[in-house]
Amino acid sequence: MSDIFREVLREFEQDKVLAQRKLAARLSILYERLPRVEEINKRLSAIGLALSQMILHRNNDEAKGQALRAESVALNGEKDALLYENGYDEDFFTDVYKCPKCKDTGFVEGGQCNCLKQRVIARYFEMSNLVKTPEHEGIDTFDLSFYSDMTDPEQGISPRSNMERIFTVALKFTENFNTSFENLLLYGETGLGKTHLSNCIAREMLNKGRTVLYTSASQLFRHVEDLRFGRGGAKNADVLNMAYDADLLIIDDLGTEFITTVTTTELFNFINIRLLKRKSTIISTNLSPNDLEGIYSDRITSRIYGEYALLHFFGDDIRVGKKHGLL
């Protein structure tokens, strides 16, 4: 277990304690107003303890067990009715938690909650300054007006029409993320919005509670090299595990990394294992498909071309246009 993971778990423990204090204060006010609810909760706790002891001591008194469970159902029904009649809803008991799903424990049904996974991911990449998804960047803020509506003679359509098509694909990618498995390759010259669109998608998925790992290719493969040569401790292993397991992996600027047999092997592993796990990946690159074929192995490019939607960005450099006030 890495130091950062331990640190995040300590934060969760602090969050849980704070939430429990807030809940205790609320319950104190509730019990003062509705003392019958306190009586019911005490009895429910006693029933739960009794059932646990029966299991622990292998007490097979089925009649007693059924009676206790029936009493529990009746008491819960009575409590729910009392709370509803007096204007209390489920949020009264859950909105004290940062994550109602796991109640700030970081774990659900024996596994890690998405909120824990994402906080660990965010901590690593805040430190590395890799995640650049400002709060205002979302899929609904992507501005198509920066793209020319003049038809490109080589492509046969205008950059704006092309981006409308790409934006539609990106929108469907986020909307259908839970029900379909898709991967995207964004390619084209610099300054055309590939990174910005990736950021928008990342923010959208984060807002939906999905785990997202956003990294440049050079940083990702630096972790690979550091792990190989024993540098950086458990951090590198944790980052690479996230690269395999995050709901969405975004690799920015593929082709800018120092390319070796090790990095190409690991790139294949990332792509192939995530395909097998049906975990979505977005890759952005300034390289053309021909360039990719010349640099990377056939087994890499064949998987990309076979399993990724290829989205070609073209037009004038938006960043240059913005800088000089032309857009």
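**The sheet and its surroundings**

Modeller: Strands E3 and E6 run parallel and are joined by four bridges; two strands count as paired if DSSP finds at least two bridges between them. Helices (H or I, at least four residues) and strands (E, at least two) are DSSP runs, numbered from the N terminus. The model is predicted, so local features need pLDDT of at least 70 and side-chain atom pairs count only at pLDDT 80 or more, while totals for chains, interfaces and linings use all residues. Residues are numbered from 1 along each chain as its sequence is written, and side-chain values use heavy atoms, leaving out hydrogens and water.

Within the pairing, Leu184 stands opposite Ile282 in E6. The open sheet has five strands in the order E4-E5-E6-E3-E7, paired in parallel. Its edges are formed by E4 (212-216) and E7, each of which pairs on one side only. From one strand to the next, the twist averages 15 degrees; axes are lines fitted to C-alpha atoms, for helices over the stretch in contact, and angles run from 0 to 180 degrees between N-to-C directions.

Two helices lie across strands of this sheet. Helix H8 (residues 217-228) lies across E4 and E5, at about 95 degrees to E4, whereas H10 lies across E5 and E6, at about 150 degrees to E5. Contact here means heavy atoms within 4.5 Å.

Another helix, H12 (residues 298-307), has Ile300, Thr301 and Ile304 buried. Seen down the axis of H12, its buried residues fall within an arc of 90 degrees, so they line one face of the helix; the arc is that of the directions from the helix axis to the C-beta atoms. Buried means under 20% relative accessible area, exposed over 50%, and partly exposed in between (1.4 Å probe, protein chains only). The cover over the buried residues of H12 includes strands E3 (184-188), E6 and E7 (309-313), along with H10 and helix H11 (289-295). On the face turned away from that buried side, H12 carries the exposed residues Asp298 and Gly306.

Two backbone details remain. Most residues other than glycine have a negative phi. Asp253, however, has a positive phi, near 60 degrees. Asp253 sits in strand E5 (residues 248-254) and is partly exposed, with a relative accessible area of 27%. Arg278 also has a positive phi, near 55 degrees. Arg278 belongs to the loop between helix H10 (261-277) and strand E6 (280-285), and its relative accessibility of 57% makes Arg278 exposed.
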